[in-house]
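Notebook open, model on screen.

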Amino acid sequence: MSGNRELLSTALAKAASEDRAALIAYLPGGFPTVDGGIAAVKAAVAGGADVVEVGLPHSDPVLDGPVIQTADDIALRGGVRIADIMRTVREAHEATGAPILVMTYWNPIDRYGVERFTAELAEAGGAGCILPDLPVQESALWREHAEKHALATVFVVAPSSRDARLAEITGAGSGFVYAASLMGVTGTRESVGEQAQELVRRTRATSELPVCVGIGVSTREHARQVAGFADGVIVGSAFVKRMLDAPDEAAGLEAVRALAAELAEGVRKR
C-alpha cells in the first residue's frame, strides 16, 4: 500500500493557492494516553490545522525542549509503542482526511527495521516522516524504502547550515523542508527572529520544496509573522503546554482546538 506523500503536497499547495501559509501542528503520540493523543490530533484539525506531525516519544530527545519532554515522559510511562503511533496515524487520518506525518529520531526506526517501519506507516495512511537527527549522507536506506512506499522524507535545516549543506539536504528531501527558526531546542518564545526569514530565503535558493518554519512559534502573532515569509508554520510546544495545563482531558482537547483556530487565523493574515 502506498503512503500519502501526495496528499501532503496537495495540502501545502492548497494553502499556497489561498495566499496563506499552511498550519502544521505537532502532538506527541500516546499523550496523555493513546486514545487521548488521537483525540488531540482530531481537535487540532477541527481547529484549522492543515497537517499534523505525530511525535514518537523518545527517552533522549535532542531537539525537544522541556514541555515536549514532559509529555514524552508521560507517554513512555504509559507504555506507548510504535504500534500505538501507527494506530494514531491510521485513526487520525481516517477521521480527518488530513496528511499525518511521524516525527521521530532515527534510533527507534533503526531498531524496528526500516522496511517494516515504512511499510506499516504507509499501510496506516501516513504521509511521511520528519527525521531531525538522521544525517543526509547516512539516509540512503531510509530514502529507498520511503520512496518505495510513497512517503515524504522531511529533513531539518538550521541557521548554522552553510549554503552547500542546505543544497545537499534539500536535494535529498521531499514533502517540505523543516526550517528551525533558531539554534536550540523546541519551546515557546517571545518572538521568532530574523534568523528564520534569512534561513527561508537561503533554503528557497536551493530547492522548490515548500519551506515550513518551526521552533518558537506559539501565538497568533507569531503565526502571522512567520506566514509572511514561510510556506508553513509549525507549532508544537504551545499545543502540548495547553494540554499539560488543562484540568482534565476534555478541557485539554478544547484548548488544542481553540489554539489551532487562533493560529489558523494568524496564518491567514500575513
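In what order do the nine strands of the open sheet run? I read β5-β4-β3-β2-β1-β9-β8-β7-β6, with parallel pairing. β5 (152-154) and β6 (156-157) are at the edges with a single partner strand each, so one side of each has no neighbour in the sheet.

Ground rules for my notes: this is a predicted model, where local features need pLDDT of at least 70, side-chain atom pairs count only at pLDDT 80 or more, and totals for chains, interfaces and linings use all residues. Numbering starts from 1 along each chain as its sequence is written, and side-chain values use heavy atoms, with hydrogens and water left out. Helices (H or I, at least four residues) and strands (E, at least two) are DSSP runs, numbered from the N terminus. Strands count as paired if DSSP finds at least two bridges between them.

Next I checked β1 (residues 22-28). Seven of its seven residues are buried, meaning under 20% relative accessible area with a 1.4 Å probe, protein chains only. One face has A22, I24, Y26 and P28, the other L23, A25 and L27.

Then I looked at the partners of β1. With β9 (residues 232-235) I find four parallel bridges, and A22 sits opposite G232. With β2 (residues 51-55) there are five, also parallel, and Y26 faces E53. Between β1 and β2 the chain passes through helix α2 (residues 34-47), a right-handed β-α-β crossover (clockwise from first strand over helix to second, strands pointing away from the viewer).

Note on methods. Buried < 20%, exposed > 50% of the residue type's maximum accessible area, 1.4 Å probe, protein only.
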